[in-house]
Amino acid sequence: MCHVIVTCRSMLWTLLSIVVAFAELVAFMSADWLIGKAKTLSGDGDEQAGMDSEPHYLGILCLRTPAMQQVPRDTLCGTYAKSFGEIASGFWKATAIFLAMGIFILCVVALVSVFTMCVQSIMRKSIFNVCGLLQGIAGLFLILGLIFYPAGWGCQEVIDCGQHASPYKPGDCSLGWAFYTATGGTVLTFICAVLSAQAEIATSSDKVQEEIEEGKNLICLL
């Protein structure tokens, strides 16, 4: 018989798992990782960063430039690489792989977390513990991706975005919200991994067992 079990800790873990997966996915697909000024020609013909020009946004897979401002909003972010081999830097290729793997795991866990209200174990293994382990692994992938990302700042695309850029030095570019969102999401991923253990404890507590023995199918302990 299926027992729907809802507790504060299990609900918090479920909601946070969904939020983290969504935040990481949005950040990964965004162009707002680096923000710089598009290069313009000075009076003597030399290239320089335009002080009054519109911002130039560069993501891992995505690009948005002043020339695209007249395009409809839903197409403002276009991929600059038509294939995986055209990604700006080898380090960014590694970043894309690790982030994609981490986000895929997070999305799977977020989907599974919704069903933990009805199913708490499979083959005598706690779903909460398994999901927590997967979230820890996803967090490690995300950390690796974020470590490799600034190593690729010396590529030509970043130099075009902001002068004096080099590995681990953004030069004239500044970090956008997508980088901070990915970093915050990584921290929250490990928090989710810890909360999964608390969710397991909450859903298998003595109070829950007592209500199951009383024949209740809907158990809500807030």
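Visitor: What makes Ser89 the cap at the N-terminal end of α2?

Guide: In this predicted model, a side-chain oxygen of Ser89 lies 3.1 Å from the backbone nitrogen of Phe91. A polar contact requires such atoms to be within 3.5 Å, so the pair qualifies.

Visitor: Which residues of α2 are buried?

Guide: Among them are Trp92, Ala96, Leu99, Ile103, Leu106, Val109, Ala110 and Ser113. In general, an α-helix has 3.6 residues a turn, so residues three or four places apart point the same way.

Visitor: What does a search for aromatic pairs find?

Guide: Over the whole structure, the search finds 10 aromatic pairs.

Visitor: Why is the pair of Phe91 and Phe148 called stacked?

Guide: The ring centres are 6.3 Å apart and the planes stand at 25°. A pair needs centres within 6.5 Å, and planes under 30 degrees apart count as stacked, so this pair is stacked. Because Phe91 belongs to helix α2 and Phe148 to helix α3 (residues 127-148), the pair ties together parts that are 57 residues apart in sequence.

Visitor: What makes the pair of Tyr149 and Trp153 edge-to-face?

Guide: The planes of Tyr149 and Trp153 are at 90°, with 5.7 Å from centre to centre. Planes over 60 degrees apart count as edge-to-face, so the term applies. Both Tyr149 and Trp153 are buried. The two residues also belong to one aromatic cluster together with Trp33, Trp92, Phe179 and Tyr180.

Visitor: What covers the buried residues of α3?

Guide: The cover includes α1 (8-29), α2, β8 (121-122), β9 (125-126) and α5. The buried residues of α3 include Phe128, Cys131, Gln135, Gly139, Leu142 and Leu146. Helix α3 has 22 residues and reaches 32 Å from its first C-alpha to its last, close to the 32 Å expected.

Visitor: Where does a side-chain oxygen of Ser126 reach at the start of α3?

Guide: The oxygen of Ser126 comes to within 3.3 Å of the backbone nitrogen of Phe128.

Visitor: Why is Glu24 called buried?

Guide: Glu24, found in helix α1, has 1% relative accessibility. Buried means under 20%, so Glu24 counts as buried.

Visitor: What does the side chain of Glu24 reach?

Guide: The side chain of Glu24 reaches the backbone nitrogen of Thr186 at 3.1 Å. Leaving aside neighbours within four places in sequence, Glu24 is in contact with Ile103, Leu106, Leu142, Thr181, Ala182, Gly185 and Thr186.

Visitor: Is Thr186 buried or exposed?

Guide: Thr186 lies in helix α5 (residues 177-203), and its relative accessible area is 6%, so Thr186 is buried.

Visitor: What makes the phi of Tyr168 worth a remark?

Guide: Phi of Tyr168 is near 65°, a positive value in a residue other than glycine. Most residues other than glycine have a negative phi. Tyr168 sits in the loop between α4 (156-161) and β10 (174-175) and, at 48% relative accessible area, is partly exposed.

Visitor: How many disulfides are there?

Guide: The count comes to zero, a disulfide being a pair of cysteine sulfur atoms within 2.5 Å. As for individual cysteines, Cys8 is partly exposed at 42% relative accessibility, whereas Cys173 is buried at 7%.

Visitor: How many helices and strands does the chain have?

Guide: The chain has six helices and 11 strands. Of its 222 residues, 43% are buried. One of the strands, β5 (residues 55-58), holds His56, which counts as buried at 11% relative accessibility.

Notes: Residues numbered from 1 in each chain as written. Predicted model: local features only at pLDDT ≥ 70, side-chain atom pairs only at ≥ 80, totals over all residues. Heavy atoms only, no water. Buried < 20%, exposed > 50% of the residue type's maximum accessible area, 1.4 Å probe, protein only. Helix = DSSP H or I, 4+ residues; strand = E, 2+ residues; numbered from the N terminus. Polar contact = N/O pair within 3.5 Å; in protein donor to acceptor, adjacent residues only side chain to side chain. Phe/Tyr/Trp six-rings, centres within 6.5 Å; stacked < 30°, edge-to-face > 60°. Expected span 1.5 Å × (residues − 1). Contact = heavy atoms within 4.5 Å.
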